[in-house]
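Let's take a walk through a protein together.

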Amino acid sequence: MTNGINIRELALDMLIEVMEHDQYSHLVLRSVLDKYAYLEKQERAFLTRLVEGTIERTVELDYVINTYSKVKVKKMKPLIRNLLRMSAYQLRYMDSVPDSAVCNEAVKLAKKRGFSQLSGFVNGVLRSMIREPEHVKYPDEEKSPVQYLSVHFSMPEWIVEEWMETYGQEKTKALLQEFEKEQKLIVRTNLNRTTPEALTEALENQGITVCRNRELSYALELTGVDQLQVLPEFITGDFYVQDISSMMVAETAGVHPGDYVIDVCAAPGGKSTHIAELLNNTGRVEARDLTGYKVGLIEENMKRHGLSNMSARVWDATIEDEDSIEKADVLICDLPCSGLGVLGKKTDIRYKMTKEKQQELVLLQRQILMAVHDYVKQGGTLVYSTCTINYDENEGNVEWFLNEFPHFSLESMRQLFPGELGQDGFFIAKLKRG
């Protein structure tokens, strides 16, 4: 512990925020790491792994806990539920932590947080896990493939079922395996500020390992980064953190010098800044989003990247802007989606999304497309993209759009699966207005 900070208690509070109060894990983690920036590197790494790992494996951990506990996880007090989850994660996935330490620290935390009467219960469940690891019987893959994949890869059953219906069992299993792989840090070089070669040299001089991407020369994979936000090259906007699959949106758009581009749902600005950089100080990129907070994020990235050919404004994409009709050479519609393509990075999405919410998003996407499609000039381009791998939100919406607006034609459509180009699942369709 640094300065009396109990790392496990910190992790417990973060898990409660995410799993019980519906906060986003990456925001909670970033906030805590910023607040406790003085923690040792090893402590930050332990905290990050414990929180992210517990969230990622929650379906499996609940299955395991239910095997040993008469009181099922859903019936437990929220603090006890998350205390047992993070303890079970340490027992099963963190070999460097002694079993006795996991159990003793959990009991201490239960008592400290006002649950002395349940400390014996916590102790008993964890001791049973330690004594009888073979007691857990996992679902049979042949007899119960959905439940097997759900528990084995810690994914809600409805998502497994949806993917199996669309892609089949083997493809679904391969997708789930991709999400379990270690997530790499990928950055996009700001070509208006530096070159991939110069950025590589600058980062390597700070002890960071850099690997150039074969698909996109300006994409770099970084290893050995401790605190990204304090790197001089981050502060001066020499790079932007972005997955290669996401970078393909700007690549697909195929902008030309002098183009006027509107991005209707742009925050935090990754695709907009990418396009502005590709325009090489020509044309204009207008990035829009729903709230002042989101537009503030875009403006922060614009300023950091030194982009003079870009502006940002608050606008509700579901409302048609008459002043923008037939003004855009390129319209970027990277719309709100279920996010099931980025489960490797944002592991909590699997618990926040439901099939009902997904269908609501399909309708929202159509509502936005109806409101904004006329912004495209005759002969101009509309790029529709999502960071999901759901048919209704992707191919289904493109089919609907082409039926509704036959003056558009499909130039290309691609479902990128995790691991295919980058780490994220992404869908990109390019349409031309006749």
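**A helix and some rings**

Helix α1 covers residues 7–19, and its 13 residues reach 18 Å from the first C-alpha to the last, close to the 18 Å expected at 1.5 Å a residue. (Helices are DSSP runs of H or I with at least four residues, strands are runs of E with at least two, and both are numbered from the N terminus; the expected span is 1.5 Å times one less than the number of residues.) This is a predicted model, in which local features need pLDDT of at least 70 and side-chain atom pairs count only at pLDDT 80 or more, while totals for chains, interfaces and linings use all residues. Residues are numbered from 1 along each chain as its sequence is written, and side-chain values use heavy atoms, leaving out hydrogens and water.

Is α1 largely enclosed or open? Ten of its 13 residues are buried, so α1 is largely enclosed by the rest of the structure. Buried means under 20% relative accessible area, exposed over 50%, and partly exposed in between, using a 1.4 Å probe and protein chains only. Among the buried residues are Ile7, Leu10 and Val18.

Now for the rings: there are eleven aromatic pairs. Rings of Phe, Tyr and Trp (its six-membered ring) pair if their centres lie within 6.5 Å; planes under 30 degrees apart are stacked, over 60 edge-to-face, and the rest tilted. Tyr384 and Phe427 pair edge-to-face, 6.2 Å centre to centre with 70 degrees between the planes. Tyr384 is in strand β9 and Phe427 in strand β11, 43 residues apart. Tyr384 is buried at 2%, and Phe427 at 0%.
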